[in-house]
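This report covers the surface, the fold and the confidence of one protein model. The sequence and structure come first.

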Amino acid sequence: MSAAFRRPPAAEVSRLRTRLPWWALALPVVSFIALLALVAGSSEASAASARQGLAPLLELLAELLDGGVR
């Protein structure tokens with residue numbers, strides 16, 4: 001059997017398996033929930049000239065992806 005297809009020793013495998021800290025999963029989840037709450041709550045804001053809902057955000061993203069900036 002060639003060296004490329006051999007399994008590494010058990011000591012090396014245990015060194016390769018590392019556990020993530022709790023905050024490595026918690027921080028992205030918390031930030032996603034916070035941003036989702038901001039986007040969802042924007043429809044309740046009452047500004048005189050502001051457009052409501054997700055449509056303006058999606059239009060801005062589409063323009064940015066096309067390479068144009070307002």
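## Nonpolar patch

Helix α3, residues 55-66, is the largest contributor to the nonpolar patch, giving five residues. The patch as a whole consists of V39, L54, L57, L58, L60, L61 and L64, and its area is about 580 Å². These coordinates belong to a predicted model.

V39 lies in helix α2, which covers residues 23-41.

## Fold and surface

The protein has three helices and zero strands. Along the sequence the pattern reads α-α-α.

Of the 70 residues in the protein, 1% are classed as buried. The accessible surface amounts to about 6700 Å², and carbon and sulfur atoms account for 68% of that surface.

## Helix α3 and its end

What span should α3 have, and what span does the model give? With 12 residues at 1.5 Å a residue, α3 should span 16 Å. The C-alpha atoms at its ends are 16 Å apart, so the two values agree. Just after α3 comes G67, which has a positive phi of about 100°.

## Confidence

Mean pLDDT for the protein is 75, with 59% of residues at 70 or more. Confidence is highest in α2, where the mean is 88, and lowest in helix α1 (residues 10-16), where the mean is 61. Where pLDDT is low, the predicted coordinates should not be read in detail.

Note on methods: Residues numbered from 1 in each chain as written. Predicted model: local features only at pLDDT ≥ 70, side-chain atom pairs only at ≥ 80, totals over all residues. Heavy atoms only, no water. Patch = residues over 30% accessible without salt bridge, like charges linked within 9 Å, V, L, I, M, F, W, Y side chains within 5 Å. Areas by Shrake-Rupley, 256 points an atom, 1.4 Å probe, with all protein chains shown as cover. Salt bridge = Lys/Arg side-chain N within 4 Å of Asp/Glu carboxyl O. Helix = DSSP H or I, 4+ residues; strand = E, 2+ residues; numbered from the N terminus. Buried < 20%, exposed > 50% of the residue type's maximum accessible area, 1.4 Å probe, protein only. Expected span 1.5 Å × (residues − 1). pLDDT = per-residue confidence, 0-100.
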